[in-house]
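Take a look at the model below. We will walk through it one part at a time, beginning with a sheet.

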2 protein chains.
Amino acid sequence: MTYCVGIRLNAGLVFLSDSRTNAGLDAISTFRKMMVYEQPGERFMVLLSAGNLSISQSVREILQVEKLPNGDDEPITIWNAKSMFDATRVLGSAVRRVYEQDGPALKAAGIDFNCSMIFGGQIGDEAMRLFLVYSAGNFIEATRETCFFQVGESKYGKPILDRVLTPDTPLDEAAKCALVSMDSTLKSNLSVGLPLDLLVYEAGTLKSERIAVIDDKNPYFKMIRDTWGERLREVFEGIDDPQWNGGDAAHPLLTTSERFEPMRKITHLGERIV
Amino acid sequence: MTYCVGIRLNAGLVFLSDSRTNAGLDAISTFRKMMVYEQPGERFMVLLSAGNLSISQSVREILQVEKLPNGDDEPITIWNAKSMFDATRVLGSAVRRVYEQDGPALKAAGIDFNCSMIFGGQIGDEAMRLFLVYSAGNFIEATRETCFFQVGESKYGKPILDRVLTPDTPLDEAAKCALVSMDSTLKSNLSVGLPLDLLVYEAGTLKSERIAVIDDKNPYFKMIRDTWGERLREVFEGIDDPQWNGGDAAHPLLTTSERFEPMRKITHLGERIV
């Protein structure tokens, strides 16, 4: 399995990926899932991939040479695309090429053509953009309302992203949020594992110097792992336990609802007590 | 969808269920998923169900009259079973009976026979027990090491359970934990909804008075919903942002790892920079 998250903020982009793959619980390996495509000063793009590893590796390989027909003009590649939208179309085309090559044999073997990718970056003067690319090569784009995408084992780590992220979140705070989200995922799902690749891109720079490979010795991530769980428990303990119909409690746990009837019990006499 | 959680502690049992069902996003309904089977002073059992509603409703109906052959002795029912293990076998048998009745037609319609249930309680002098029953009628039992089961949309709400619950957790604290877990699930998944049914059972009592139907006006759950998200954000803000290789930070975010090589970048020249 995999967990990757990509975030688009006003201040820039944040990408985080784990590196565990598994083919059954007894075949665990480490494969990095982040790839940076950079033409310094001209374009900067990051790809995060989840799904079948043979598919995503093939897509990454093909992406470097994939050409999209462009009428009488030069075919579009990720290196000459004038917009992130076009670059993402090239990625979609690479996915479709792998599907043509491997799809029928995978289907015959009963294996889904399963891959999903986060692709984001900036080209020239265009604004930063972030896309989620599906197995069919189609894609959607992040907006102000939905400023992050996750692929892979996304559910454990979604609540903190939902609660914290807005387009105005500062870059390093968003990186922290992604790491907390990853921590929750690591804790609940064995199929997601270290090392992590973290990349923070500042709007308009067309390059990134802030790239980290995070292993189990990284002081910051260790601090997150220790602190977050502990503080969460402290917050949890700081909230009152329920007082059953507690008359003087600030927030009594009422046992009845105005709108819904009490739960039914079934007794050994077959009777239902309302 | 559904989210239900059952917890077995030294002090007793906690059950919590939502009540939303959906057949497509445009067919949302409210169905309660908790059922109490009680023979006061003799046995007390609670069933939480997830999966296909037609299956789980049929199982609940049949469970009341299901009889398990018992050699020359009286057949075993949930009302005369001497142990929770036997009562759960009766439940498994009810699941299999529904499978016999409906399985082939569901399969012909391309619908999975999908149901999972949490069943727990206490019979006579036996210790409390908690089971997770699968679609095939087989089941597993909670232990000291794994003291809770979830069915339905379980992932969003699992991290807090993982972090807080142990067999020594007091009953009302566990109820609070279940409600926080439910809150995270409600926030991230529209297919889980109010009202909630909460039941807290104290070991050895063979009855429960602590049953609550929680709707959106319940003061305690409202407090949880408001407080938890807010405190979570406070804790989040209280953790330092990453300092990139920050020399004097208490916990610098190192950009390199001892064990793993830096991420590769691909440039427009096809070159890979390590």
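This is a predicted model. Begin in chain A with an open sheet of five strands. Their order is 10-1-2-11-12, and the pairing is antiparallel. Where does the sheet end? Its edge strands are strand 10 (148–152) and strand 12 (210–214) of chain A. Each of these pairs on one side only. From one strand to the next, the twist averages 10°.

Now zoom in on one pair inside this sheet. Strand 2 (residues 12–17) and strand 11 (residues 196–202) of chain A run antiparallel. Six bridges join them. Find A:L13, then look across to strand 11 of chain A: the residue opposite is A:Y201.

Next, step back to both chains. How is chain A superposed on chain B? A rotation of 180° does it, with 0.0 Å of shift along the axis. The RMSD is 0.1 Å. The two copies are thus related as by a two-fold rotation axis. Both copies use the same surface: 100% of the contact residues of chain A recur in chain B. Which residue of chain A comes closest to the rotation axis? That is A:Y156, with its C-alpha at 2.4 Å.

Now for the empty space. Rolling a probe the size of a water molecule over the atoms shows where such space is left. The count comes to one cavity of 30 Å³ or more. The largest cavity holds about 170 Å³ of space. It is lined by 15 residues, and the closest to its centre are A:P159, A:S184, B:P159, B:S184 and B:L232. Helix 3 (158–164) and helix 5 (219–238) of chain A each give two or more residues to this lining, and so do helix 3 (158–164) and helix 5 (219–238) of chain B. Helix 3 of chain A gives the largest share, three residues. By class, the lining has 10 nonpolar residues, four polar and one charged.

The largest pocket holds about 450 Å³. Of its 24 lining residues, A:M1, A:N22, A:G51, A:N52 and A:L53 lie nearest the centre. Strand 3 (20–22), strand 6 (43–51) and helix 1 (53–63) of chain A each supply two or more lining residues. The lining has seven nonpolar, 12 polar and five charged residues.

Finally, turn to chain B. The second largest pocket has about 360 Å³ of space. It is lined by 20 residues, and B:M1, B:N22, B:G51, B:N52 and B:L53 lie nearest its centre. Strand 3 (20–22), strand 6 (43–51) and helix 1 (53–63) of chain B each give two or more residues to this lining.

Methods:
Residues numbered from 1 in each chain as written. Chains lettered and ligands numbered in written order. Predicted model: local features only at pLDDT ≥ 70, side-chain atom pairs only at ≥ 80, totals over all residues. Heavy atoms only, no water. Least-squares fit on C-alpha atoms with pLDDT ≥ 70 in both. Contact = heavy atoms within 4.5 Å. Pairing = 2+ DSSP bridges. Helix = DSSP H or I, 4+ residues; strand = E, 2+ residues; numbered from the N terminus. Axes fitted to C-alpha atoms, helices over the stretch in contact; angles between N-to-C directions. 1 Å grid on protein atoms, 1.4 Å probe; cavity = no way out; pocket = protein on both sides within 12 Å on 5 of 7 lines; lining within 4 Å. Points joined across faces, edges and corners; volume = space filled by probe spheres on them. Nonpolar A, V, L, I, M, F, W, Y, C, P; charged D, E, K, R; others polar.
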